[in-house]
Amino acid sequence: GDDQIAKVITKFPQLFCCSIEGKLKPTVQWLLDIGVGEAQIAKVIAKSPSLLSFSLEGKLKPTVQWLLDIGVGEAQVAKMIATFPSLLGCSLEGKLKPTVQWLLDIGVGEAQVAKMIAT
């Protein structure tokens with residue numbers, strides 16, 4: 001509704017500088033393609049509007065691929081994005097990988113790490 005639009009604009013006015021055809025539509029389509037429900041798209045954008053400015057090839061796709069590679073299932077990735085979309089804004093090399101490595105180093109198993117990320 002209007003309140004969500006106002007919230008998005010207030011949180012991320014740079015949205016107006018993003019190309020609809022070149023950036024916004026492809027990102028929303030990608031979210032749908034990876035399993036984020038149509039009804040959840042508005043909530044994802046309202047929670048983390050900056051997500052729409054991230055590079056699909058340089059940031060979003062590699063982060064999701066890494067999550068899949070460490071054992072987080074496709075449905076879990078979609079659920080995680082719907083619940084905590086700002087995770088996609090975290091640096092893969094600077095935050096996500098080192099944190100997972102630290103968890104593994106202290107003895108948390110790979111399956112447990114994947115489960116922690118997904119919930």
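## Salt bridges, a lysine patch and some buried spots

Lys97 is partly exposed, at a relative accessible area of 31%. Keep in mind that this is a predicted model, and that goes for everything below. The partner of Lys97 is Glu93: their side chains meet in a salt bridge, 2.9 Å from N to O. Glu93 counts as exposed, with 55% relative accessibility. Both residues sit in helix H6, which covers residues 92-105, and they are four residues apart, or about one turn of the helix.

How many salt bridges does a search of the whole structure find? The count is three. As background, side chains of opposite charge can pair when their charged atoms come close. Here is the set, with the distance between the N and O atoms of each pair.

| Lysine | Glutamate | N to O distance |
|---|---|---|
| Lys25 | Glu21 | 2.8 Å |
| Lys61 | Glu57 | 2.8 Å |
| Lys97 | Glu93 | 2.9 Å |

Take the Lys25 pair next. Lys25 and Glu21 are about one helical turn apart, because four residues separate them in helix H2. Lys25 is partly exposed, with 48% relative accessibility, while Glu21 is exposed at 56%.

Then there's the pair in helix H4. Lys61 and Glu57 are four residues apart there, so about one helical turn lies between them. Lys61 has 33% relative accessibility and counts as partly exposed; Glu57, at 56%, counts as exposed.

Other lysines turn up in a charged patch. Which residues gather in the patch of positive charge on the surface? They are Lys7, Lys11, Lys43 and Lys47. Two elements each give two or more residues to this patch: helix H1 (2-11) and helix H3 (38-47). Lys43, for one, is found in H3.

Leaving out residues up to four places away in sequence, Ser48 touches Lys11, Pro85 and Ser86. Ser48 lies in the loop between H3 and helix H4 (56-69). Is Ser48 buried or exposed? Its relative accessible area is 6%, so Ser48 is buried; the cut-off for that label is under 20%.

Thr27 is another residue to look at, and its place is in helix H2. Its relative accessible area is 0%, which means Thr27 is buried. What does Thr27 touch, not counting residues up to four places away in sequence? The contacts are with Leu51, Leu52, Leu56 and Leu60.

Finally, turn to helix H5, which runs over residues 74-83. Which residues are buried in H5? Val77, Ala78, Met80, Ile81 and Ala82 are. These buried residues pack against helix H2 (20-33), H3, H4 and helix H7 (110-118).

Methods. Residues are numbered from 1 along each chain as its sequence is written. This is a predicted model: local features need pLDDT of at least 70, side-chain atom pairs count only at pLDDT 80 or more; totals for chains, interfaces and linings use all residues. Side-chain values use heavy atoms; hydrogens and water are left out. Patches are made of residues with over 30% relative accessible area and no salt bridge: like charges are joined within 9 Å, nonpolar side chains (Val, Leu, Ile, Met, Phe, Trp, Tyr) within 5 Å. Accessible areas come from the Shrake-Rupley method with a 1.4 Å probe; for residues, only the protein chains shown count as cover. A salt bridge is a side-chain nitrogen of Lys or Arg within 4 Å of a carboxyl oxygen of Asp or Glu. Lys and Arg count as positive and Asp and Glu as negative; His and the chain ends are not counted. The place of a charge is taken as NZ of Lys, CZ of Arg, CG of Asp or CD of Glu. Buried means under 20% relative accessible area, exposed over 50%, partly exposed in between (1.4 Å probe, protein chains only). Contact means heavy atoms within 4.5 Å.
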